[in-house]
Each structure stands twice: as structure tokens, then as C-alpha cells.
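Work through the exercises below with the sequence and the model side by side, trying each task before reading its solution.

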Protein chains: 4
Amino acid sequence: MLVVMQHNASSQEIRDVVDMIQEMGYEARPIPGRQRTSVGLIGNDGQIEPNFFQSLPGVLEVIPVSHSYKQVSREWKEENTVVSLPNGTQLGGRQIALMAGPCAVESEEQILGIARTLAGMGATILRGGAFKPRSSPYSFQGLGVEGLKLLAKARTETGMAIVTEALDAESADHVAEYADIIQVGARNMQNYALLRKVGQIGKPILLKRGLSATIEELLLAAEYVIAEGNPNVILCERGVRSFDTQTRNLLDLTAIPVVKSLSHLPIIADPSHGTGVRAKVTPMARAAVAAGADGLMVEVHPDPNRALSDGAQSLYPEQFQALMNQIRVIAQASDRELTPPLGRTGS
Amino acid sequence: MLVVMQHNASSQEIRDVVDMIQEMGYEARPIPGRQRTSVGLIGNDGQIEPNFFQSLPGVLEVIPVSHSYKQVSREWKEENTVVSLPNGTQLGGRQIALMAGPCAVESEEQILGIARTLAGMGATILRGGAFKPRSSPYSFQGLGVEGLKLLAKARTETGMAIVTEALDAESADHVAEYADIIQVGARNMQNYALLRKVGQIGKPILLKRGLSATIEELLLAAEYVIAEGNPNVILCERGVRSFDTQTRNLLDLTAIPVVKSLSHLPIIADPSHGTGVRAKVTPMARAAVAAGADGLMVEVHPDPNRALSDGAQSLYPEQFQALMNQIRVIAQASDRELTPPLGRTGS
Amino acid sequence: MLVVMQHNASSQEIRDVVDMIQEMGYEARPIPGRQRTSVGLIGNDGQIEPNFFQSLPGVLEVIPVSHSYKQVSREWKEENTVVSLPNGTQLGGRQIALMAGPCAVESEEQILGIARTLAGMGATILRGGAFKPRSSPYSFQGLGVEGLKLLAKARTETGMAIVTEALDAESADHVAEYADIIQVGARNMQNYALLRKVGQIGKPILLKRGLSATIEELLLAAEYVIAEGNPNVILCERGVRSFDTQTRNLLDLTAIPVVKSLSHLPIIADPSHGTGVRAKVTPMARAAVAAGADGLMVEVHPDPNRALSDGAQSLYPEQFQALMNQIRVIAQASDRELTPPLGRTGS
Amino acid sequence: MLVVMQHNASSQEIRDVVDMIQEMGYEARPIPGRQRTSVGLIGNDGQIEPNFFQSLPGVLEVIPVSHSYKQVSREWKEENTVVSLPNGTQLGGRQIALMAGPCAVESEEQILGIARTLAGMGATILRGGAFKPRSSPYSFQGLGVEGLKLLAKARTETGMAIVTEALDAESADHVAEYADIIQVGARNMQNYALLRKVGQIGKPILLKRGLSATIEELLLAAEYVIAEGNPNVILCERGVRSFDTQTRNLLDLTAIPVVKSLSHLPIIADPSHGTGVRAKVTPMARAAVAAGADGLMVEVHPDPNRALSDGAQSLYPEQFQALMNQIRVIAQASDRELTPPLGRTGS
């Protein structure tokens, strides 16, 4: 941390900053410049707030140098974290994993039908919401535990792994019972009670980036999970809020190489929520793979026009098939490949 | 809802849209234009997603006309909601309420001392965090229930009402036991489980706007609370995320008159989080009152340089006194006045 | 400038950074830390780009410490710049200046009529566009030189000073001939050819903040004007782009105290463009004065519903009168006052 | 355009809106709904401002239905515009065009050397700034006409086409004399005087998206050029402003499929400015091609660490070669191919 003094700061003001740093148990190193003096704080262990010094007399600004995340960083662990699922799918290695399925579980027929279709096309992870976070209290809120049971049935039939969202401590326990990956949604990225809870459960976590979360905040949210002893965190870029209303969100694909340089965790992209418009999902799914994503989460619905939620951004099954063919080619450009399809025996 | 067709949509495509609307139980009204036809959906009750029709063949775009919030709107209830606290303070009427106190409760000496000072200066509501949402898992997380007890003690001594934050269902029960207003923080604005929980508890709720929440989303979050039967919601503008790093957030004071025209709920401003820098708190607090805020939430600390959190944005007590004197004048310009100070008897 | 090395940077990599700094003619000062070494560059004169070192081997990040603006800064000149107009109005002193008038000059009757009304209400500067920047090539583009002549006529009649916008070198010469203040609009804030041109002309400049300009960029744009020898720059906050569509822009009033701490230049606010909605102009105008603005620019039209541009955000004359009465009270709270009305003789 | 009335609007207020629409020469069509009446304005020719009606008594909001751009739209012209350059390169067809070169022309040796290298690697368009828009007046501003002459010399030697930026009317004339494509930079996207000027010149225009321009505004800026009679406009996505400071801008690749659905114009991406960091350029260049870009503009410098501007985002020549190899594979996934290298004869 660098405390930059005003050009006319008195030597007493500089000394006060030095004293306060030392009093807090850190080392202070004054750095005289041509225009002004700065004071380096050495040994910052993440306990000090960046703006702690900002309002002291004579201080111009405070510049953080080290980051407050630790265990998620590449400096802490150099090699990639590879998250392995019971059905053999891996996230974070050379293979690219495909999560696909409807926005919400709606019925046994719907979820089993689409699971069979998707498994046949090569997807190995089934998505489908049982507990739905909806901006309006009057919208469809999901089938709850009943939906989880249907997902588990689809797993038994197809061998696909299951990813589905938890909204609070109670639903997290339910999800943990049935799913292979517990999803924490964008709106809950800084719901610290929930992050701690899923950190304690220990199953792989899919952590979606908040609507206006910086990458540093996303990494700090992951740090909450890891700090509870659960290292299996998969990050997910799903679009951030922007000023243009042409798409629902602005899919920030640069987040993929940025995360990969700062952290050892796997990161996937969700072009369905990231764009909100079916016709943009396929090009952006291709782009995400080209940018280096470790996987994709894509909404596919057997009959999107009758979906109970997010129909407008769901692909038709045949569009998903075409997408698979395209990204198989693109993966080669970066010397990667798609996860092989599940065996005929259903796992 | 208006479904705008492409200029070359076939009459069959238009008919399909009309059929689908009718099949859903609503009335469809085609509106031929010079360039293209639109189809109005009449009778939307908030169950239909704006983008439901967006991907149908021949559709150019879908324009929502009615809003999905109901009970929070001025159309639902024309006169202002006035939230009354046990100590007589009102929010939403002619008087402007002052909430002040430290970011976090740190010790009995700290909270009782500052409460006495603030009550003496005319503030009638004491703020202070007991459960703190922190972006890093390694930062100070608050004193918990112990902090709540200290706040209650300060209430007994000074007569101030208490506002403090709940993070999840469990802490909400604790907060409800000790506080007069339960705060839902910006990071939890779309934590629907928490919104439902505090809606059921029934005490007044202070609902902070999320970092990138639109005003419509803020109103929908309030709708969650009201839909559970709790009409006593106070909204709070506390700054949104922006591209400039000069301040921690961008305080969107225009939200105040916008909310007042759309909703009957009271709205206050938090210039401390809204700016993040002590020297900007006073001018922006003045501006919030001039813009029509029903109250202010301001961080004041007896010794900001030693605060365990957010010290850089906390006012010194004497700065708060100066602010009170300034806003007393400003309130007159809009024919309003500050809440009178608490009586000597402590309520 | 601080070049932060990776935690595992080799001593050779550190030496290379030091060598490159010295080769460029600056002083290099290595600062060993617990986690990593940083190298301070001392004597930065604004010629070095912040990201010059960013891609060198072993470099983690580069942190700018000094700013690239100079003459606009408070460190360069401590006392406020006060811009004085021929009719005695001052910007940057104790008095608050009122600029008012229609979006565009439409006819002699319109501009003379509204000028008389506004002068009678106490405004001392008349605004009105003659050259209009419009997002569509098919919208009304202003009366051009004819409009400037009408503005000059209104000045002769009322004594008001004139502010109007220039779009390029050619229109800048025309504007300079007729107006007292040359406006550079938000869309041209980084039109460096225009900034240089108006810097050479030497008349006071009203420089509007770009739609997504940081305050640092706004100050750098002003630096372009001052670097040409023209110190009379008035800055103007007029709203930045945001994600919420409730208002046309997000009026960033915190920019006022931020600019005042970084720079000696006067700053005013334009709540008409800043909100885009008539009903929000008055509360935000009040808020701007409360936040410390040195003046306001407000659109007022004799018949807003028939205005050729921006009618929806123009006040009725009687609303402007009411606003004047309110801000006269608010100004007192910060020990300021409105510019006194022009004398009966027309200056 | 749809004028939505308040739920309690009087029938007189509705009639006033109808009358005003008819008075303006358009057709008005009232649409009664369950909650409120709306009035459709039929025949909008782009002359009416969206917010013209917004402040009339009884009006709740005004919703634009048709767009103000015309000639740039797919509805105006269904097939893709293909811009052809003298050396045979095409933009907007099946082939993907590669523009590469240094940020700024620095010397004959630099520009000729890198041009030979890039032509040898298969790029067919050379970029290089002669007139540089710099945020600080004290930074290197380009070699001017001398730089243009060096670019022309590189064209003679290699056969590459030349693209370089114009800043105002004067430099546009110079650029038109030497270059094959005139670039209008992001900061000048709404400099309407410049857009008109380059529209009149008639050479192909590369129009970069402004830092916070919506796609609709980008298309309207292109409309300015086309309205002057110049149909050869190439759009360029180069990143928009965002809240995260990890990268210089947020590259909005979704703009590519969005533009392609709304307009017939070609669109390319500039991942160098779009990210600002060398290590992110290659993945995002790959992603842009996967998203459907008609070309790339990439900064390549023979010795990036000594570049006079933007060195940190410039690729080394060998990195560019590797990128070419990767995107050649990716293009196949969408049934496209790279522009074939220039013949040995230099055109």
C-alpha cells in the first residue's frame, strides 16, 4: 500500500503517517519524490482497508499494491485447479465442458426429454433451475425440491452431472443432496452467508459473477468459499450491466484471460444470460471458447416459445447441435478439445 | 406490452403472435403502422416476461408498457407512505429524519459515547453495524449479537431509534429482536430469501439500492417485502457503480425525485457510502436534502482515524453538527424541516 | 509512477526495469516489500504513458502516482480562478451565476421574448444554440450565424451575456464574434482540434464533461485549452451515461466537490441535460447549488411543448422563477449568494 | 412512437395528445388498455424527438418504436455492403481482413520494416497513426503529413492498403490524399462536422465506436456519412467504458452480431484498444473472429517496449504470426476464410 502525500504536506504530517503504520504493526518506508513524498506500507496482510489513510491530514491518495485475495491467486498456487465431477467431466484442464439444459425444471417429461437429447449431442452436465431467483415476486419461482428430484432422475437415466442453483442456507442443503455442482447466482455473489454455507458443504461450486462485480470482487467471493475449506470453485462470466439496452447484459469475455492470469480457478461463460437473445447465443458461445473458456453453460429448451422462464434466450436443440460442431473446430485453434460424450451405459 | 413486428413480417407471423397472446388468456390488438405492424397485449398482469415473444418468427422487438411492480407504485396508492418509529420519528412526511452513527459497533464506550453526542446534536436514529458484509473474508465482520445489545443499551440511554443490518434469516431474527429498523444492504438487495424473511417479520425495513440496480429493480425488491404483508419500507440511495474511480460510488441523487414520482414509499440518501470520502459527505448530504430526500444516513465516528471499518468516510462529530445547521436552512427551501430533537427524558 | 514486480520476478528483471527508467532520464528507486519488489519512477513529467512498463517481463502492474494534468490543478494554482464577463457576472467567486434560455434559437420573437423574461427574473447569462450537434442527421441543426445575430440582439436589449456552442474551427470563429462564452459540448470534449482552436481565440470557454469522461479526462481537456494560453475555462457537469433509463443521463453532482478539490477552475451544473425530464430539473438544480456549484445552466422555453429541440426538459418561465426563489435560500446555507440582477439600463 | 398515458389521464388529456400528433401531420391511433390508454403515432419519419410528448399533462412515458437511422439499416438494404479496396481486399464479404501495424508512425525505418514483415505474414492493410488524438496535450501528437508520406511509401513497397486517422477537416483532406481508408476515432464518433466532411470526400471510412456510444448512436453516426453520399462505411468495435479497471476498456463483442442483424455495414474489432494489454489481445482477437467480425485491427510493433505510444498493447511480430495461424482455423468454424496474402508484385 502506498500513501501518497500532498506536495505541500508538512514533515510532521509525513511523520504521523509513518507512526500510524508502525503502530499498526507494519513497516513504513518513506519514498521522497520530485513533486511529493509517498510512504510505502510493507507487510500488508489484507487486514488494512485501502482507504484507511485517505482522510489523514496531508494525504493526497492511497494506492493499494497488494490484493486482498490470497488463496484464489496464481501467486498462491501456480498450477490450474482442475475440478472433477463424478461422471468424469473435468473443468480447468485441457477439455472444455458443456453444461446445457432449460432455464427451469418444469416437468418430468421436459427435463428427461431434453437431458436425453443433450447427452446424445455430447453435453455432460445438465443445468436446470429448481429454486429460481426472480426480480418480480409474482413470477414463477421454480418447482423446489420436486425439481431437484427430477434432475436426479435425469442423471440416473443419462449419466449427466447436475448443476443447479441454491438461494439460501436451506435450499443449499437440498441442492447438495441432489446435485453435483451447487450454483451461486449473480445476484447472490456477495451474499456472504450463502458463500460460507456452500464453502462448508464442500461440493463443487459454480460462482457466477455479479451484475456489476469487478473481477477482484469475484475473486474475493471465491476466496470466501475457499477460506471455508472448499477449493472446488468454478467461476462463471455471465455478462455485466451496461448502458446499451440492445442486449440484456454485456458479456465481458476479456474476463476469461484476465481471470486466468490472476487465478488458478477454472472459468466458464454463460452466453445465454450474457446476451439474453437467442440469435446472439451461438456467436458468443463460439467467442467464449475462442477466448479460452474452460466450459460453457447454455440454455436449451425443447420448445423455447413455451418455456416458463427465459424462453427468448434458449436455443432449440438443433441449434445446440450446430454450436457443438462449431466449437469443436474452434477448440483446436488453442490446442483444446471438447469433453468426450458420456458412454452408452449412462455414466 | 407491445410486440413490434419486422417490416416484412408475413400476415401468418402476425396471426401467430395474436394467437399466442389469446392462448395465454390476454387480449391482442394489432396496430398497423406505416413501416410495420405492432401487436398490443392488453391485460398484462405481470406474469408475462418482457422477452417472451422476442424470438418468435417475424418479431422485431418487444416493448414493455406496464411495469411488473404493483403495490409499491403511486398508481396503487396515491398518498405518501409515512413510516413511524416508536420514538416518534417519521419518514415520508414533512420532516426529514437523521440517521447517524459509526459504520460498525466496536465497543460499549464507542457506541454509547457517539449516541449521546448525536442525540444532543439532534439525530433521532442511531446506525451501527453488528453484522458486517465485507468483501474480504479476512476483514472485521462485526460484533454480532453482542453489538445488537450495545445498540439497545444506547437506545435506552438516549431515546434514539436503532437501525442495523441483517445478512440472512438467522441474523434477521436477532436484529428484529433489538432494532427498530432492519436494514437490507446493497449487496443483498436481490437476496429474495432475505427480502421475504424481513417482509414476514413486519418491522420497518431500510432497503438499500444495489450497486447496479435500476430504480425499477429497487422497486421490485421492495415489492417482495410488501407482498409478504409489510408495507413499512424505506428506500435508500447509496451510490451506484460507475467508471470513475475518484469516488467509491456515484451517488445518484436524481433517483430521489424519480422514486417519488413512481412510488409512495419514503426514500433517504446515504452520502457516506455514496461517496466514500469524508470531504465529499457534507456537500452531498446537503444536495440530497435539496433534491427532496426524506432523510439521511450518515456515518459519524468519535475518532474516524481509528475506526475498524470505513473510517475514511466517517465524519467527525463537529462536522455532523455543522451539517445539521446547513441542512436546516436548505430544508426550508422546499418547505420542509428537520425532525425535532428527542426530549430530555430519553424518548 | 510505481512499477510493481511479480512476486517471483528475477533480480535481472528488476534491474532491467531500473535500467530502462534511467535510460529515459528519470530516477529509479527499488522498494523491496514482503511479497514483492516495486520500483518507483521519480521525476515523471507527464511524458511517460502509465502502461509503458506494463508488458515488460516480471512486471505485475504499473500504478500512476502523479497526474498528467498540470496547469488546471490546485497544486499549480491554489486560489480559485474567477472568470469575469463583460456584464459583470463572475464565475468561481462567492456569487452563483445563472445561465438560462432555450435549447435552440428558433426565431427573433422567441429569443428576445425569453431573454427579457429571464433577465427580469434575475438570470444574467443567456443560453441558446445556433449550431446544434444532433445525433440524427435528419434533425433540426440550428439557425447558424443567423441565430448568433439574434443572440447578440438579445444581449443589446437586455444586457445578458451570451453563451452558445461551437462545433468546429469555422463555427468557433463565428461564435467568438458574437458570444461572451464559447461552449464546447459534451460530444466534443475530446475533439482536440477544437480545444486548441478555442484556446487560441482566448474568450471564456464553457467545457462540458463528456458522456463517459472521467474527471481526470475533463481536467486534461481543460489543460488543452489552458496550454494554448487561455486560462478562462468554466467546467460543466451535465450527466454521464448510466445503465438506468429512467433519466437521459446520470447527473454526477459529486463531480462538483471533486473538481473543486483537484482544480482551481469554476464548475457549474446543467440539470436540464443531466436529467432530460422537466420534473427532475428543479430538484436537481437545487441539489447542484447545495453541492457547491458556481452556477447553473438551465433550459427555459416560452412554450416548451412547441420547442424544436429538447422541449421535454425545458422549464416553463414560471418554474424558473420558483427555482430562483428556492436556490436563493439554499445558497445561504454555504454562505453564498446569487449574482444580483442586471441593472435597468441593460448592463 | 407510443405515448403511454397515466392510468388516471382525463379524456381531455388524451384528446390533446391526439390533436398535437395530428397537428404535426401524423396519424394518431388511441389504444385503450386495461390499466391505461396509449396513443400510437403513425408515420414517424425520424423528425420527432422521442421525448417530445413526455412532459405533456397526463403522459406517463413515451416509447420510441421506429429508429431514427434509415440508410444504414437492414430494412433499407437487405444484402451486406462489401467495401472493396484498391489492392483487392474486401470487407463485408466472406473473407476476413487483417489491418495491422504500429499505433503511430515513428520513422521510415520503423514503418517500412514492420509493413514488410506484416505483408509477409498475410496482413493486407497497414495501420499507423500520423495525427494522434492524445488525452494529454503534452504527449507525442504524431508526425502529421510526414507520417502520411511514409505510409504511402510503405504501400508502394508492399502493396498493403493504408488506414489512418483524421482529426478534423484539415487533416481529413491530407489523409484522403494518401490513405485508402480514413479512420474516424472513438473520441470523434459524434464530431458531426468531421463525419459530414469525410462523407463528402467519398473514400472508405473506418468509424470507431465511441467510448460510451450505444449501438444505435454508432449507426446514427454512420448515417451522417451515408447521408452525404458515401456508402462505404466500416464500423469498428474497440471497447466501451466500464467499471472494472483490469482492462483499459471492455471489448463488447456482442456488438458484432447485434450490428449484423440491424445493419448491412461491415464491422471489425480492435482488440488492442479494446483490452489495452498485450497478453489479452490474442485471445480477444480470436474471440472477435469467432463472433463473426469481418476483420481485425491489431497493433503490432517491431519493438513494443520502445514504442512512442501504446507499446503495452502492441503485439510482437511473432505473436501476430501465431494469431494468424489460430484465426485461420477459427474462421472455418463459420465457413469463412482469411483474405489471401498479397501477391509478390506488391499489389
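**Exercise 1.** What covers the buried residues of α1(A)?

Solution. This is a predicted model, in which local features need pLDDT of at least 70, side-chain atom pairs count only at pLDDT 80 or more, and totals for chains, interfaces and linings use all residues. Residues are numbered from 1 along each chain as its sequence is written, while chains are lettered from A and ligands numbered from 1 in the order in which they are written.

Begin with the helix, where helices (H or I, at least four residues) and strands (E, at least two) are DSSP runs numbered from the N terminus: α1 of chain A covers residues 11–23. Its buried residues (20 or more other C-beta atoms within 10 Å of their own, C-beta atoms being placed from the backbone) are Ile14(A), Val17(A) and Ile21(A). The cover over these residues includes β1 (2–5), β2 (27–32), β3 (37–42) and β4 (59–63) of chain A, with contact meaning C-beta atoms, placed from the backbone, within 7 Å.

**Exercise 2.** Explain why the buried residues of α1(A) line one face of the helix, and name the exposed residues on the face turned away.

Solution. Seen down the axis of α1(A), the buried residues fall within an arc of 60°, taken from the directions from the helix axis to the C-beta atoms, so they line one face.

Definitions and conventions: Expected span 1.5 Å × (residues − 1). Buried ≥ 20, exposed ≤ 12 C-beta atoms within 10 Å, placed from the backbone. Contact = placed C-beta atoms within 7 Å.
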